[in-house]
Amino acid sequence: MKQILIDKYLEKHGYTEWEPKVALFDMDGVLYDSMPNHAKAWHDSMALYGVEMSEAEAYAFEGMRGFETIKIVAGRQWGRTVTDEESNDMYRVKSEHYAACPTAGLIPGVKALQEEMLRLGLRIGVVTGSGQHSLLERLQRDFQGLISPEIFVTALNISRGKPAPDPYLMGMSMAGTEPWQTIVVENAPLGVRAGVAAGCFTVAVNTGPLPDEILANEGAEIVLHNMDEFRQLLPELIP
């Protein structure tokens, strides 16, 4: 399987080398089992503004910065442009709803996967569309010794979020790597699209309710169903 995946990836992007040095992880749904909370918070908070956002739709927009999600969803339903002030206010309310939810646990097997990555010589970074300070601070505590703190991209330090490639381009800049040296770990369609657009080897771990085909159609090199599957495959991917 290893050589087939790598050869397809190299051919797709026109690369001649495969030299993985860093893994860039999304956060929600990849490090934390937080998407059910986000989906509920989106649905409940947007209803206060007369905006219908189903929990399924929240999964479809996962990975995009909340500020941008609101502009798209509310703007479409209101039939007008949502101002920056409106979007910021609505995202603040959404964040308050999320903070009131039960604490999300870690995705099963993710720390064991990262330990295996470190053993194989990969550094680990985070590329998330989140800008919620409490969750970002918790992440640095929970994954201390695993995640390199200098490779940390959030909604607070990018101007264009996923599905644009910018977040992963910034992650590679922080890591000092090229796309063929970078593995992206995602669970959401827009995140997969961003990783692929940045030219990275993009692995989708489908921890949510969306069909595998949606992630595959966005260009993921492979779609897996849990972190243990990825950990078992990983030694085959590292030269």
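Begin by selecting Asp 28, His 38, Trp 42, Gly 63 and Met 64, which lie nearest the centre of the largest cavity among the 19 residues that line it. A cavity is a set of points, on a 1 Å grid over the protein atoms alone, where a 1.4 Å probe fits but cannot get out; lining residues have an atom within 4 Å of a point. The model is predicted: local features need pLDDT of at least 70, side-chain atom pairs count only at pLDDT 80 or more, and totals for chains, interfaces and linings use all residues. Residues are numbered from 1 along each chain as its sequence is written, and side-chain values use heavy atoms, with hydrogens and water left out.

The volume of the largest cavity is about 190 Å³, a volume being the space filled by probe spheres set on the grid points, which are joined across faces, edges and corners. Next, select helix H2 (35–47), H4 and H5, each of which supplies at least two residues of this lining. H2 contributes the largest share, three residues. Helices (H or I, at least four residues) and strands (E, at least two) are DSSP runs, numbered from the N terminus. Coloured by class, the lining of the largest cavity shows seven nonpolar, eight polar and four charged residues. Here Ala, Val, Leu, Ile, Met, Phe, Trp, Tyr, Cys and Pro count as nonpolar, Asp, Glu, Lys and Arg as charged, and the others, Gly among them, as polar.

The count of cavities of 30 Å³ or more comes to two.

Turn now to the largest pocket, a pocket being an open set of points with protein on both sides within 12 Å along at least five of seven lines. Its space is about 190 Å³. Select Phe 67, Tyr 91, Gly 131, Ala 155 and Leu 156, the closest to its centre of the 13 lining residues. Helix H4 (66–78) and helix H5 (84–99) are the elements that give two or more residues to this lining, and H5 gives the most, with four. The pocket lining comprises four nonpolar, seven polar and two charged residues.

Finally, select Lys 162 and Pro 163, which are joined by a cis peptide bond with omega about 15°. Most peptide bonds are trans. Pro 163 is found in the loop between strand E3 (152–153) and helix H8 (166–175).
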